[in-house]
Amino acid sequence: MGLHGVKAVFFDLDNTLIDTAAAGRRAIEEVISALQSKHHYGEGEARAICDKVQAKLLKECHDPAKMCITDLRISHWEEAIQETIGGEANRDLAAECYYLWKTTRLQHLTLAEDTRAMLTELRKGLRLLLLTNGERQTQREKIEACACQPYFDAIVVGGEQKEEKPAASIFHYCCDLLGVQPAECVMVGDSLDTDIQGGLNAGLKATVWLNKAMTAPVDTSPVPHYIISSVLDLPEVLQKMEHNINAKLETDHMASSDE
């Protein structure tokens, strides 16, 4: 599929191409089960520990110059256990929980067969780039786990760059990597704040918001150019864009002929 005006598509990774949220839920249940069966915690205590860890992950501030991500995340588990149970800090148990959570989550990160087929088809006529925010090691492990490298011309991880999405600079860096202009690119992602706002900040041709629940956004901005409920709906959107571009070219041509 070669499109007039569109030469490249940038894809977000987490909860766009792979279901990171579902994999995370599976991982948490695995840890809860282990805390109960192996360490004899009550279900309420086990869930409280995991809830605290998830809250810490959401607020996580990581400075790679000060601490590696593994140590930081083991500390989340250590603090959560101590806050829930009290007593002495238990680094060994915290490390066990962290590695079980991490390994289980990575095992469940898969690039679905129909998504692979769509990417293969799109790449026949377009350049594809994976653009993901997040800490370098964590994101590279996810990319490795879902084996998505062969489907992309380039992969850019926010944690390896000076700025992450929604900064325009990272989008312009992606354009330079592929040798395209921002006005020739489309951004696809599930986050209005990073993917859509970033695409708008960078002046991309179009932004496509993946809204699986098809819920109305709480905030009215930013406004995506297109909304889809499944990433598999993207080819249809690109065809619609091509149709609109062709129609405009025809109108412009007729208008110039009339002059």
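A polar contact is a pair of N or O atoms within 3.5 Å; within protein, one has to be able to donate a hydrogen and the other to accept it, and residues adjacent in sequence count only if both atoms are side-chain atoms. Keep in mind that this is a predicted model, where local features need pLDDT of at least 70 and side-chain atom pairs count only at pLDDT 80 or more, while totals for chains, interfaces and linings use all residues. Residues are numbered from 1 along each chain as its sequence is written, and side-chain values use heavy atoms, with hydrogens and water left out.

**Exercise 1.** Find the two domains and say how far apart their C-alpha centres lie.

*Solution.* Start with the bounds, which come from an automatic or database domain assignment: domain 1 is 8-19 + 110-257, and domain 2 is 21-108. Next, take the C-alpha centres of domain 1 and domain 2: they're 32 Å apart.

**Exercise 2.** Work out which polar links join domain 1 and domain 2.

*Solution.* First, count residue pairs in polar contact, both at pLDDT 80 or more: there are 6 between domain 1 and domain 2. On the side of domain 1 that touches domain 2, you'll find 1 nonpolar, 4 polar and 4 charged residues. (Ala, Val, Leu, Ile, Met, Phe, Trp, Tyr, Cys and Pro count as nonpolar, Asp, Glu, Lys and Arg as charged, and the others, Gly among them, as polar.) Then look for salt bridges, meaning a side-chain nitrogen of Lys or Arg within 4 Å of a carboxyl oxygen of Asp or Glu. The count between the domains is 1. Now check K102 and E141: their side chains form a salt bridge at 2.9 Å, N to O.
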